[in-house]
Amino acid sequence: ARFLMMYSAYINNYNHALATLSQIRQRPQWAQFLEKTHNENHELQSLLIMPIQRVPRYRLLLEDLIKNTPEAHPDYKPLHEAVEEINKATLSLNEAKRAAENMDQVITIQTQLVNYPQLQFLAAPSRQFVKQGHLLTKKKGSAARYCYLFLFTDLLLLTKPKKKKTDKQLPMYNFKRAFFIKHIKMTILADSLALKNAFALNGGSDDGTAHVAMSSAPTASASAPVLEEVVLFGAQKKDSEEWILAIRECQRG
């Protein structure tokens with residue numbers, strides 16, 4: 001089963017391949033090529049992950065063979081040994097596979113964002129997807145509105161859901177704000193008659209007007225614009241608590 005370790009070279013480069021794919025998607029020529037060659041059953045992104053998914057399938061095949069092989073058969077012991085070797089190889093590949101699937105999800109999210117700054121790439125090797133979902137947001141003197149959040153280990157994106165044109169279409173979201181986790185200042189707001197279960201976010205953030213690389217948080221020399229605080233709250237208390245906990249866990253690293 002040593003030949004299985006050859007997959008590690010492919011897996012180790014997988015994140016870089018997806019990040020490159022994410023970048024070239026911004027090019028008009030690539031967009032035209034994808035439009036001409038589009039196949040709903042064989043997206044390039046889904047094809048790239050297939051070699052990574054193959055090793056676990058080898059193990060399932062061998063385990064099925066063992067179930068159907070008599071113990072007295074000369075192949076019974078070698079089959080068990082082969083499964084043990086594959087299990088050893090799988091342990092080292094699984095972590096890389098999880099990282100690859102995470103990167104795949106991050107890139108999918110970027111394709112769902114409208115008005116996302118072209119010079120800022122969401123896909124970064126160290127970025128892990130954590131959570132996504134609806135919350136409500138409210139400005140002074142205006143009614144509450146639904147927003148949609150994407151939380152990563154180093155970044156929080158605030159977006160507004162768009163109406164889907166077809167049932168098959170992926171949900172799309174208008175990009176509004178990006179908060180760098182290290183610079184978020186979170187305040188739990190006291191309940192009032194007008195607002196309950198709310199918390200406010202402020203600190204280093206970007207509305208897309210500054211060319212701050214999304215692959216890392218801004219440094220002291222990188223002057224990201226400081227915008228007004230955002231007030232968020234869930235329809236139920238537990239919704240807000242889950243988001244508060246998730247953001248704090250990302251801040252702790």
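## Phe-180 and its strand

In which strand is Phe-180 found? Phe-180 sits in strand E5, residues 173-188. This is a predicted model, where local features need pLDDT of at least 70 and side-chain atom pairs count only at pLDDT 80 or more, while totals for chains, interfaces and linings use all residues. Numbering starts from 1 along each chain as its sequence is written, and side-chain values use heavy atoms, with hydrogens and water left out. Helices (H or I, at least four residues) and strands (E, at least two) are DSSP runs, numbered from the N terminus.

Phe-180 has 1% relative accessibility, so Phe-180 counts as buried (under 20% relative accessible area; exposed is over 50%, partly exposed in between, with a 1.4 Å probe and protein chains only). Its C-alpha lies 8.4 Å from that of Gly-203, 23 residues apart along the chain.

## H1 against H4

The axes of H1 (residues 6-24) and H4 (residues 50-67) come within 9 Å and cross at roughly 140°. Axes are lines fitted to C-alpha atoms, for helices over the stretch in contact, and angles run from 0 to 180 degrees between N-to-C directions. H1 and H4 are therefore oblique to each other (under 35 degrees is roughly parallel, over 145 roughly antiparallel, 65 to 115 roughly perpendicular, the rest oblique).

In this contact (heavy atoms within 4.5 Å), H1 brings Tyr-7, Tyr-10, Ile-11 and Tyr-14, and H4 brings Pro-51, Ile-52, Arg-54, Val-55 and Tyr-58.

## H1 against H5

H1 also packs with H5 (residues 76-111), at about 10° and with axes 10 Å apart, which makes H1 roughly parallel to H5.
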